[in-house]
Amino acid sequence: MFADDFLPTVLFVLLLVSVLLTLIGAVRRVRLWRQGQASTVHWAGLLSIPRRYLVDLHHVVASDKYISNTHVATAGGFVLTTILVLSIYLFGITGAVLNYALLASSALMFIGAVFVFLRRRNPPPNLSKGPWSRLPYSLLTYASSFFILSLPATGLLPANTGGWLLAVVLLLGISWGVGEMYLGMAWGGPMKHAFAGALHLGFHRRQERFGGGRSTGLKSINLESINLETAKLGVEKPEDFKWNQLLSFDACVECGRCEKACPAFAAGQPLNPKKLIQDMVVGMAGGSTAQFAGSPYPGADSVINKSGINEAGTHKASTYKGSPTIPIVNVLVPSETVWSCTTCRACVQECPMMIEHVDAIVDMRRFETLEKGQTPGKGAELLENLKTTDNPNGYAPNSRMNWAADQNLPIFGQHVDKADVLLWIGDAAFDMRNQRTLRAMVSLLRAANVDFAVLGDSECDSGDPARRLGDEATFQRLAKTNVATMAQYQFKHIVTADPHAFHCLKNEYGDFGGHYDVYHHTGFFADLVKNQRLHLSNDKALSLTYHDPCYLGRYNGEYDAPRYLLEAMGIHIKEMERSKTKARCCGGGGGAPVTDIPSTQRIPDMRMEDAKATKADIIAVGCPQCSLMLEGVVEPRPQIKDIAELMLDALALVEETAVDAKASAVNLQPAAVLVADVNVSAKIASTADV
């Protein structure tokens with residue numbers, strides 16, 4: 001039977017028709033993406049797709065070993081099998097080596113498909129069901145059909161094995177497998193992510209993310225080159241996204257890793273990052289959000305049937321159908337969804353397709369804020385304060401240095417015009433709790449004999465809260481003001497205790513001429529300790545855990561410096577289950593505390609439970625916003641201390657020991673020497689006064 005012309009001929013026609021339909025579907029899909037706005041086309045990225053797929057993307061997938069191994073076998077087997085099938089049965093390239101290669105690749109794919117099937121038997125809630133539930137069967141059918149077809153071709157089975165019955169069965173299996181695999185890639189089936197995902201890796205909006213790079217700063221709107229009377233600021237409709245953003249939405253594999261990591265989703269706020277991306281796909285391609293087969297937005301009025309289909313849909317799904325020309329907010333998605341995001345970037349970190357959820361959310365916020373003036377909660381008040389007082393709480397600008405009245409700090413423009421370090425104060429200047437951190441930093445810098453100065457009252461807010469709330473205009477005004485102020489003075493480094501300001505100064509001010517060498521205070525102090533300019537006692541037997549700030553960790557990749565400092569003090573860190581790249585947000589980013597979207601529980605309460613599980617007495621932090629959010633949790637709870645405060649405690653022990661030795665040498669009481677030692681007394685007073 002296999003030697004006859006029937007099956008090869010039918011298979012040739014089937015593959016030819018499938019390839020043609022796939023190409024037609026691909027052209028149609030590309031036209032859907034091109035509905036978006038113009039964006040840079042990175043043609044060179046196409047040549048990098050194999051490396052990005054095998055290295056960059058797989059590096060993200062590898063955080064889940066089960067899926068990583070499954071992905072290697074299934075995806076690798078599918079690609080090899082498809083190339084060989086088309087070579088042998090469509091283009092007529094023959095040879096024993098190709099037949100054996102097809103046998104091996106289809107066997108590899110089959111093994112991977114078995115693991116996909118096992119995972120899908122009792123899938124976790126973050127996995128989409130519906131059409132995705134048939135994917136394991138399609139993979140198994142495709143792989144097994146070509147495996148069996150290859151057996152006679154390799155001589156492992158006689159040519160006439162099975163006769164016409166097996167030929168018909170194989171033809172049916174191949175038809176199903178080819179239809180699901182090939183047509184599904186281009187016509188919106190479960191395999192759509194394979195086609196869109198590959199092109200997304202090539203045309204990615206953030207080319208810097210590949211090859212071990214990092215790109216986390218928000219994209220700027222060029223407010224000077226556009227006509228503000230006619231141009232649309234932000235994204236109102238799906239067609240307002242950049243075309244490669246629409247492409248990225250289509251690359252979603254609906255694995256739900258973003259959903260699982262999202263603190264807003266876990267807290268019961270109406271945000272599910274995966275659902276949001278799928279709603280954008282519906283907006284781009286049409287259809288109804290009622291066909292979404294995953295978890296709805298928390299609190300949405302929906303019913304999941306036995307097949308995993310969301311019958312009631314979500315927001316107005318029964319009334320509105322997808323279209324690239326309809327508004328997104330309050331049509332495709334509820335307004336509260338856009339404002340629930342803390343911009344913690346956990347979704348982006350976890351996404352195996354490297355989709356930029358946060359960019360899309362901020363783009364939608366920009367339209368809501370700049371065009372409609374509809375920032376919820378106290379967001380509008382915060383933005384107004386930034387416009388009138390240059391700080392989010394509305395304090396008088398000339399009161400920024402009140403906290404340092406007894407510190408005798410050198411101020412740029414008043415006392416000096418040049419220093420090694422510009423100490424960026426930030427909004428901690430207006431908060432009594434975080435002023436303790438600032439005082440500790442000043443004492444540590446002086447103990448290390450660092451030449452530093454501050455901007456004083458001429459420092460403005462970094463603009464982070466304005467930008468995350470969508471007020472790009474206010475952010476740019478603040479950024480340009482700060483850049484102009486700093487341009488008047490000479491310094492080598494900027495040091496700040498605020499990861500949000502650190503991120504803006506380091507990654508976002510460059511668009512406005514501000515290129516600086518910026519340190520988070522833990523990174524700067526870690527260098528001082530390594531270079532022995534600061535000496536810490538290493539006998540601090542503290543029961544302590546460390547909370548990773550999102551804007552220090554996920555945004556800037558700094559996980560080691562804070563831990564190095566704690567370990568240098570002899571502290572054994574009791575790591576939380578969710579730490580480093582998987583750390584849970586405190587809930588303080590992205591303007592979330594002021595938009596105040598209702599939820600079933602508070603994000604800081606959830607994070608505190610993570611900390612309590614370690615049974616630690618102290619939570620070490622490196623962010624003023626994290627301090628405020630975690631200290632807002634009702635007691636009993638662990639004590640919250642910034643790493644700078646812990647360092648000062650350890651530094652004081654070393655200095656006191658040195659003072660005791662000095663007193664003994666000159667036959668004086670230690671207390672008298674402490675009074676005479678200006679550096680030590682300043683350090684001790686700085687913490688005692690607050």
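## Ser106 in helix α5

Let's start inside helix α5, which spans residues 96-121 and holds Ser106. Do keep in mind that this is a predicted model. Ser106 has a relative accessible area of 0%, so it counts as buried, the cut-off being under 20%.

What surrounds this serine? Leaving out residues up to four places away in sequence, Ser106 touches Thr81, Ala143, Phe146 and Phe147.

## The nonpolar cores

The largest nonpolar core has 154 residues, and the members that touch the most others are Met486, Phe525, Leu566 and Met647. Take Leu566 as an example: with residues up to four places away in sequence not counted, its contacts are Leu544, Tyr546, Ile571, Ile573, Ala620, Ile643 and Leu646. Another core, of 13 residues, lies apart from this one and includes Cys258, Cys344, Ala346 and Cys585.

## The second largest pocket

Now for some open space: the second largest pocket holds about 760 Å³. Its lining is made up of 32 residues, and Leu382, Pro392, Asn393, Asp427 and Gln625 are the closest to the pocket centre.

Which elements give two or more residues to this lining? They are α16 (379-389), α18 (464-468), α20 (499-508), α23 (592-595) and α25 (624-631). Helix α25 supplies the largest share, with four residues. Sorted by class, the lining of the second largest pocket comprises 14 nonpolar, 11 polar and seven charged residues.

Technical notes:
Residues are numbered from 1 along each chain as its sequence is written. This is a predicted model: local features need pLDDT of at least 70, side-chain atom pairs count only at pLDDT 80 or more; totals for chains, interfaces and linings use all residues. Side-chain values use heavy atoms; hydrogens and water are left out. On a 1 Å grid over the protein atoms alone, a cavity is a set of points where a 1.4 Å probe fits but cannot get out, and a pocket is an open set with protein on both sides within 12 Å along at least five of seven lines; lining residues have an atom within 4 Å of a point. Grid points are joined across faces, edges and corners, and a volume is the space filled by probe spheres set on the points. Ala, Val, Leu, Ile, Met, Phe, Trp, Tyr, Cys and Pro count as nonpolar, Asp, Glu, Lys and Arg as charged, and the others, Gly among them, as polar. Buried means under 20% relative accessible area, exposed over 50%, partly exposed in between (1.4 Å probe, protein chains only). Contact means heavy atoms within 4.5 Å. A nonpolar core is a set of buried Ala, Val, Leu, Ile, Met, Phe, Trp, Tyr and Cys residues joined through side-chain atoms within 4.5 Å.
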